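Welcome, and thanks for taking a look at this one. Here is a short briefing on a ligand site and what surrounds it.

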Amino acid sequence: MHLTPDGVTTRKLTKQDALPYDLLLLADETIEIIDRYAKDGQTYVLEANSQIIAAYVLQVIDLQRIEIKNIAVDSNYQGQGIGKFMLRDATLKAKEQGYKTILIGTANGAIKQLYLYQKEGFEITSIKKNFFVNNYPAPIFENGILCKHMIMLEKQI
Ligand code: ACO
Ligand code: ACO
């Protein structure tokens with residue numbers, strides 16, 4: 001186990017562990033969609049006082065590339081640097097496993113996330129047009145903006 005500066009521990013879930021859906025649902029719309037990547041992905045959780053307070057899920061794309069498919073912090077712990085820590089931790093895990101590129105995607109309306117990811121060195125590389133319109137059952141709004149497109153970002157590691 002790896003201890004973060006603020007006393008939070010990071011642990012990789014095994015296939016037997018239950019997924020922390022309450023958290024993962026903060027970053028994605030339905031359990032069905034989460035299962036598509038989390039069942040075969042690598043899920044890491046952050047714990048404080050034996051409680052899971054944050055999580056991220058990595059999914060391998062190919063031999064060179066891995067993607068952060070879900071990253072979420074419990075609302076009581078947001079804004080304390082945990083999201084930033086997880087982006088760095090995910091990058092480290094990806095590098096240790098030999099991947100050359102780490103990707104992350106977020107909705108066009110997710111201003112705070114776009115700010116955070118770019119500040120952490122991820123660069124916008126493409127836009128999946130109408131991704132949310134085509135893949136999600138109901139309209140999604142963030143910051144009063146209709147989320148239609150997925151903005152893809154990546155970082156060389
Ligand atoms: N508004 C604007 N900026 C903010 C806010 C806010 N409410 N809260 C934090 N920030 C800024 C911080 O100031 C910091 O910037 P700085 O380094 O310039 O000071 C930066 O954002 C990072 O802050 P953290 O504290 O590290 O972020 P946090 O721990 O809150 O994690 C996350 C960010 C993961 C987006 C979290 O807020 C969250 O779980 N949100 C809900 C789920 C979600 O949207 N997940 C991402 C979806 S995309 C995907 O999963 C691939
Ligand atoms: N941070 C975040 N949001 C803000 C800020 C701020 N500092 N100031 C205003 N806003 C929000 C407002 O709340 C409003 O949103 P809302 O309707 O949800 O309340 C929205 O932005 C628009 O506010 P306005 O008051 O209409 O914006 P403003 O008159 O300031 O004009 C502009 C915006 C043109 C970007 C102005 O700030 C500016 O001249 N900036 C410097 C030059 C610049 O960047 N121009 C654009 C470059 S791109 C181009 O020219 C094609």
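A pocket here is an open set of points on a 1 Å grid over the protein atoms alone, with protein on both sides within 12 Å along at least five of seven lines. The space taken by ligand 1 is the largest such pocket. This is a predicted model, in which local features need pLDDT of at least 70, side-chain atom pairs count only at pLDDT 80 or more, and totals for chains, interfaces and linings use all residues. Residues are numbered from 1 along each chain as its sequence is written, and ligands are numbered from 1 in the order in which they are written.

**Around the ligand**
- The shell holds 24 residues, and Gly81, Lys84, Gln113, Tyr115 and Lys119 come nearest to ligand 1 (a residue is near if one of its heavy atoms lies within 4 Å).
- By type, the shell divides into eleven nonpolar, nine polar (Gly counts here) and four charged residues.
- At least two shell residues come from each of α1 (21–27), β5 (65–73), α3 (82–96), β6 (101–107) and α4 (111–119); helices (at least four residues) and strands (at least two) are DSSP runs.

**Backbone contacts**
- Oxygen atoms of ligand 1 lie 2.6 Å from a polar backbone atom of Gly81, 2.9 Å from one of Gly79 and 3.5 Å from one of Ile82.
- On its own, ligand 1 has 1000 Å² of accessible area, and the protein covers 74% of that (Shrake-Rupley method, 1.4 Å probe).

**Domain record**
- An unreviewed UniProt entry places "domain: N-acetyltransferase" at residues 8–139.
- Across residues 8–139, the chain is 33% helix and 33% strand, with the end C-alpha atoms 35 Å apart.

Definitions and conventions: Side-chain values use heavy atoms; hydrogens and water are left out. A polar contact is a pair of N or O atoms within 3.5 Å; within protein, one must be able to donate a hydrogen and the other to accept it, and residues adjacent in sequence count only if both atoms are side-chain atoms. On a 1 Å grid over the protein atoms alone, a cavity is a set of points where a 1.4 Å probe fits but cannot get out, and a pocket is an open set with protein on both sides within 12 Å along at least five of seven lines; lining residues have an atom within 4 Å of a point. A molecule sits in a cavity or pocket if more than half of its atoms lie within 2 Å of its grid points. UniProt positions are given in the numbering used here, feature names are shortened, and annotations may be inferred rather than shown by experiment.
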